[in-house]
Number of protein chains: 2
Amino acid sequence: MAEDAPRRQPTLDEVTELAGVSRSVASRAINNAPHVSRAKREAVERAVRQLGYVPNPTARALATRQTGAAALVVSGEDPSIFADPFFAQVIVGASAALEEADLHLMLCLAASDRSRERVGELLRSKGADGAMLMALREHDPLARMAEEAEMPVVFGGRPVGTTPRWYVDVDNVGGAREATEYLVSRGRTRVAAICGRLDTEVGRARYRGYRDAMLAAGLDPLPPQEGDFTEPSGAAAMAALLANHPDVDGVFAANDNMGAGALRALREAGRVVPVDVAVVGFDDLAVAQIADPPLTTVHQPIAALGREMARMLVALISGQDPTPLILPTRLVTRASA
Amino acid sequence: MAEDAPRRQPTLDEVTELAGVSRSVASRAINNAPHVSRAKREAVERAVRQLGYVPNPTARALATRQTGAAALVVSGEDPSIFADPFFAQVIVGASAALEEADLHLMLCLAASDRSRERVGELLRSKGADGAMLMALREHDPLARMAEEAEMPVVFGGRPVGTTPRWYVDVDNVGGAREATEYLVSRGRTRVAAICGRLDTEVGRARYRGYRDAMLAAGLDPLPPQEGDFTEPSGAAAMAALLANHPDVDGVFAANDNMGAGALRALREAGRVVPVDVAVVGFDDLAVAQIADPPLTTVHQPIAALGREMARMLVALISGQDPTPLILPTRLVTRASA
DNA sequence: CCCATAATTGGAAGCGCTCCCAGAGCGCTC
DNA sequence: GAGCGCTCTGGGAGCGCTTCCAATTATGGG
């Protein structure tokens, strides 16, 4: 049973020979293509089983000009951005959808010039059948690389400045507006926004939603208190806010990490949440439930984001022309507001 | 400048022609191989630039029998296991190390039979130059697949039952022992363990460390209170513990998620941490810092785990025979104990 | 100035698979 | 019984690159 000769992988030709058919027939049989008689098909199947033959994906890729893989590129200036559990969920969704199309997932963390350069080469060399780009920042070189590459590309979230042809995004403006409206509806009038980096579209859009809601309610929006989406930056922003606007009674944080940071800063400053200050976050990650008090937050369908990106990419690869998609958010109320 | 003809990628032959050299020379020049005169090398470089030539990785892969990619396989019975931020950090480390060797990262979430089958095929067909396997459970079919595939394979953590030839692991027993010893050293005598799934080696090893430390201190170890590494399971385990052993005064949780859950259950039961019950976790993820009170925990070098796995794999791929590695842990004391 | 030696060079054979195409075989119809 | 439209079949030409090898040219010592 066990040969331990230094055997190579068996090739199609060996199957061909054992089954007594031509290469074309063997190839067709293996790919379940038509025009193969029942007898030959079975002969091929038998030979395949006997030899333990597995098609060589590289050779197939060369012949078909399809690699069978899609890249998920996460930009950022250092790899720590990827530590955000957000991406893990995107991956879960994308991975599932790619699997349906029998594509493999290539993950590229484009956090250094070197790695960005490698991504560029991947795109230009058609090292994948398509790519999903996420977390692009302003003037991100990846945007141009993607444009120049003649490869299907789907954006996750819109990059700052331009609106790509194909993207999946979450309704950031709407979600932020809803969060702010909720705070206002609970009687808060001095509501501040701890926003994410304003060189990202998410950061801007969520601030815009806050501002719109404030203006619509006849309240004065405060200028953006910028953080970088991390917990410490949220705490720092909250501290700054308390220093400049001691009378703040509501806070909209542009994500849960910063919301959790704000909660901590408030606790350290002796403010009671939600009595003194109500806080709403964005994302609805695990941290929102674990936070104390649990964080009222804007839920966004993260796995669905990944899934839809992948589906859109698959559609693109198969020659269709899908339309961009904006996924809805919904407010999840917990104890913090 | 901009041709918008439906141009294919330029091929080596076109470079060859433009530079006026043979294919061999062009190939050597492009790969920085020796035996190319200065003049021809420059001619090739010029042609490459002029044509915007990028080597086709698939063709190269077919010729060299090297795909230029390594797979990271995360097993599990459903994809949610991947939501654990643990993996994100492993990926950050692995990705960086692979980049140094100019390898791409293929991520496989093997959470269904279908996806496991695809991984098996990837392994058998040599669709990657090597693979890193993580989170294998007892009788995990991936173990056999990996064994049968003649492909370099590195394990992250040891699977239950067997000790693979190449692996990188964390000192789970030592870490758990240290955590328990610390609790004991703080005067706790009725220390319980909330352990992870006992069909994983991590779960077993951490319980073993707890038990060893208890026995060494002349205390009675409690039977394992099993959770599944999630926050809710930690809370449930803690509740069960309080019901069966109301006098418990110390808890070692096999990871931070469950530690956070225990904290919540204790709070809900009116116990004060660390006065009534001291709690120690394991992992030192972000949740440990955010928890209230902040969780004393066993820090493990997660990114380093990923990095070392990747390095070991690279060594294996390049024909070396590296030795298994066990990474040290260290206790980080915070307010919970 | 000639020959041994080393550095370059280009031809050509793969790597393993897909797929176009022409030809063969076969059952019908008219 | 010839002609037509099928389905099958296998030959062979790629896909784009690496690399072995024999041939060519450059180098240099005697």
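A:His35 is found in the loop between helix 2 (23-30) and helix 3 (38-51) of chain A, where helices (H or I, at least four residues) and strands (E, at least two) are DSSP runs numbered from the N terminus. The phi angle of A:His35 is near 70°, a positive value in a residue other than glycine. Most residues other than glycine have a negative phi, and most peptide bonds are trans.

This is a predicted model, in which local features need pLDDT of at least 70 and side-chain atom pairs count only at pLDDT 80 or more, while totals for chains, interfaces and linings use all residues. Residues are numbered from 1 along each chain as its sequence is written, chains are lettered from A and ligands numbered from 1 in the order in which they are written, and side-chain values use heavy atoms, with hydrogens and water left out.

In chain A, 6 strands form an open sheet in the order 7-6-8-9-10-12, with mixed pairing; two strands pair if DSSP finds at least two bridges between them. Strand 7 (225-226) and strand 12 (330-332) of chain A are the edge strands, each pairing on one side only. Within this chain, strand 9 (residues 278-283) and strand 10 (residues 296-299) run parallel and are joined by 4 bridges. A:Gly281 stands opposite A:Thr297, which belongs to strand 10 of chain A.

Helix 9 (residues 201-216) of chain A lies across strand 6 (191-195), strand 8 (250-253) and strand 9 of chain A, and runs at about 170° to strand 6 of chain A. For such angles, axes are lines fitted to C-alpha atoms, for helices over the stretch in contact, and the angles run from 0 to 180 degrees between N-to-C directions.

Over all chains, the structure holds 46 salt bridges, a salt bridge being a side-chain nitrogen of Lys or Arg within 4 Å of a carboxyl oxygen of Asp or Glu. One of them joins A:Arg204 to A:Glu138, with the closest N and O atoms 3.3 Å apart. A:Arg204 lies in helix 9 of chain A and A:Glu138 in the loop between strand 3 (130-134) and helix 7 (141-148) of chain A, so the pair ties together parts that are 66 residues apart in sequence.

**The sheet of chain B**

Chain B has an open sheet of 6 strands in the order 7-6-8-9-10-12, and its pairing is mixed. Strand 7 (225-226) and strand 12 (330-332) of chain B each have a single partner strand, so one side of each is left without a neighbour in the sheet. Strand 6 (residues 191-195) and strand 8 (residues 250-253) of chain B pair in the parallel sense over 4 bridges. B:Ala192 stands opposite B:Val251 in strand 8 of chain B.

Helix 8 (residues 172-185) of chain B packs on the sheet and touches strand 6, strand 8, strand 9 (278-283), strand 10 (296-299) and strand 12 of chain B; the direction of helix 8 makes about 165° with that of strand 9 of chain B. Helix 10 (residues 231-244) of chain B also packs on the sheet, touching strand 6, strand 7 and strand 8 of chain B, and its direction makes about 145° with that of strand 6 of chain B.

**The interface between the chains**

In chain B, 44 residues are in contact with 43 residues of chain A, contact meaning heavy atoms within 4.5 Å. The area buried between the two chains is about 4,200 Å², of which carbon and sulfur atoms give 60%; buried area is the accessible area (1.4 Å probe) that two parts lose on being put together, summed over both.

The rule finds 4 salt bridges across this interface. A:Asp102 forms a salt bridge with B:Arg114, and their closest N and O atoms are 3.9 Å apart. Strand 2 (residues 104-110) of chain A and strand 2 of chain B pair in the antiparallel sense over 3 bridges. There, A:Met106 has B:Met106 in strand 2 of chain B as its bridge partner.
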